[in-house]
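Good morning, and thank you for coming. I would like to take you through one structure, moving from its interfaces to two individual residues.

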Amino acid sequence: MRAKRHLSNRIRNLLLLVCFAAGGIWLFSLIPTFRRAVAATSNPTDFMGSLFYMLWNGRTLFGKGVKTTVIIALVGTAVAFVLAVLLTFLRIQTPGRGDSPLVLTLKQLGCGFARIYVAVVRGTPMMVQALIFYYAGFGLFRSTGMSIAEVSKIWSFFLSGLLTVSFNSTAYLSEVLRGGIESVDPGQGEAARSLGMSTWKTMLLVIFPQAVKNSIPAIGNEFIINIKDSSVLSVIGCYDLMFATTSVAGIYYKALPVYCIAAVIYLILTLFSSLIMKLIAKRMDAVAAPLPSSN
Amino acid sequence: MTKQTNTEAILRIEGLEKSFGSLKVLKGIDFEVYPGEVVCVIGASGSGKSTLLRCINLLEEPDEGHIWFEGKDLMDLSTDLEELRERIGMVFQSFNLFNNKNVLDNCTLAPVSVKGLPRQEARETAIRHLEAVGLSDFIHADSRRLSGGQKQRVAIARALCMDPDIMLFDEPTSALDPEIVGEVLDVMKRLAEGGMTMIVVTHEMAFAKEVSDRVVFMDNGVILEQGTPEELFGNPREARTREFLSRYLED
């Protein structure tokens, strides 16, 4: 059994090595094509040549797009985490002993709001959310009497895109956190309360730190999902990697190679992120989850 | 039962009732505990003894009745529950240590965050209690890595760090394998000898016999019979008690 596994590992390693070597040789063999593409004055007709030509000439656009995508995914997930914490606290409120009718009503309202928010956001596509959010914000600023130019300065494509991702991720992350809270053995909460700790202190000092730790892999997944799903923001004109790609395709009037470039860049971003997430999870002693599917 | 003369009961329960859905688990419990007394609660599984214990510090909210602890009724909504819980220590069957804290921090968390003790003082108290339960080598250990018996001893030390007036034990040895039950019972025995007021829900009949001042037999949601260990084990009045005990006393 042990020897068998040993052998299968060796075969796998050997195959990986062959694949890497083949890939390396292939990339190496492309260097002349790349040189030719960089020096070319018009779009080459062959696939790889055209791909390199557009990658090289569109590099500033791609760079800008990648930067926006990464910022939106990073900041969006961070903002979403903070909002999700608040939303989760609304969601998990339970009637307490001796609560006044007002407090009870507020708790019920908060919990209801959280449930509806999560249901609506998770039940609609982010592309639709982005459009509604952008136009609603635009209309709102316009109604204050600002000119279109002034509104565009404040309510930029970037800002509305960033907020769309934040608000969208809030719903998913609050479900993640709720799961994390529920995964903490309720006995620990009972022990804390038996020691005289209030519900609030119990949550803050015992339950929540463990819930966040349990949620780290899922939070990392949400970040990776945001790298990919922020591509829908290009519909409102947010200059992310997808928008940059479409722009490059429009400039050079050639689609397939550019979208292949986009795919490779997205793949590099997600693989790299998942590697970092794994390292963080390992450091925090949390179990890493595999690369997620889109939500 | 010499201890109850001339002293006020530290805990007095009156007409306690509790249902889970349509299942009535406690059907009117009247029960008193006096300072320094060690009371063991025995009975078959499902007789309501754990529920009774969990009602005492209101981890389970009773439907009816009163629970007076040091003169204050826990069932009164205006009572500061948290303030009373500080003085009611509890030890659970499944230990319930805080997994995000090491052994020492498990013991200092509540004294610092609830009682507001200075960290240094809380640490010193914790170390003293941990030494007393024989865990001086594990003060900085990860609480998840301990054995069951060690975890339960940490749980006892953690409860003692709040300097409680009464300790509740909810089947503290039921989750332990027989070989290490002794190390936990020894700690409890020493605690009893030190004068701690204790209510122990247990299946350890030898412990109940040896350590308790009074044994309470619960059956089907009521206290069927209670008395000194000699009375209850030696000469039970009720047929049901005899039936229950005969199964334990065979071996």
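Predicted model: local features only at pLDDT ≥ 70, side-chain atom pairs only at ≥ 80, totals over all residues.

The size of an interface is often given as the accessible area lost when the parts come together. For chain A and chain B, the buried area is about 2,100 Å², and carbon and sulfur atoms give 54% of that area.

Which residues of chain A lose the most area to chain B? They are A:R97, A:S194 and A:L195, which together account for 35% of what the chain A side buries.

I turn next to the polar side of this interface. Between chain A and chain B, nine residue pairs are in polar contact, with both residues at pLDDT 80 or more. The rule also finds one salt bridge across the interface. Its partners are A:E190 and B:R54, and their closest N and O atoms are 2.6 Å apart.

Now let us look inside chain A. Eight residues from domain 1 of chain A and nine residues from domain 2 of chain A take part in the contact.

How much area is buried between domain 1 and domain 2 of chain A? The value is about 770 Å², with carbon and sulfur atoms giving 71% of it. On the domain 1 side, A:F34, A:A37 and A:V38 supply 52% of the area buried against domain 2 of chain A, more than any other three residues.

The domain interface of chain A also has polar features. Four residue pairs are in polar contact between domain 1 and domain 2 of chain A, again with both residues at pLDDT 80 or more. One salt bridge is found across this interface. A:R36 forms a salt bridge with A:D46, and the closest N and O atoms are 3.5 Å apart. Helix α2 of chain A, residues 31-39, gives the most to the side of domain 1 that touches domain 2, contributing six residues. By class, the residues on that side of domain 1 of chain A are six nonpolar, one polar and one charged.

Finally, I would like to point out two residues in chain B, both for their backbone angles. The residue B:L58 has a positive phi of about 60°, although it is not a glycine. Where is B:L58 found? It sits in the loop between α1 (49-56) and β4 (64-69) of chain B. Is B:L58 buried or exposed? Its relative accessibility is 5%, so B:L58 counts as buried, the cut-off being under 20%.

The second residue is B:N220, which is not a glycine either and has a positive phi of about 55°. B:N220 belongs to the loop between β9 (214-219) and β10 (222-227) of chain B. Because its relative accessibility is 49%, B:N220 counts as partly exposed.

Thank you for your attention.

Terms used: Residues numbered from 1 in each chain as written. Chains lettered and ligands numbered in written order. Heavy atoms only, no water. Helix = DSSP H or I, 4+ residues; strand = E, 2+ residues; numbered from the N terminus. Buried < 20%, exposed > 50% of the residue type's maximum accessible area, 1.4 Å probe, protein only. Contact = heavy atoms within 4.5 Å. Buried area = accessible area lost by both parts, 1.4 Å probe. Salt bridge = Lys/Arg side-chain N within 4 Å of Asp/Glu carboxyl O. Polar contact = N/O pair within 3.5 Å; in protein donor to acceptor, adjacent residues only side chain to side chain. Nonpolar A, V, L, I, M, F, W, Y, C, P; charged D, E, K, R; others polar.
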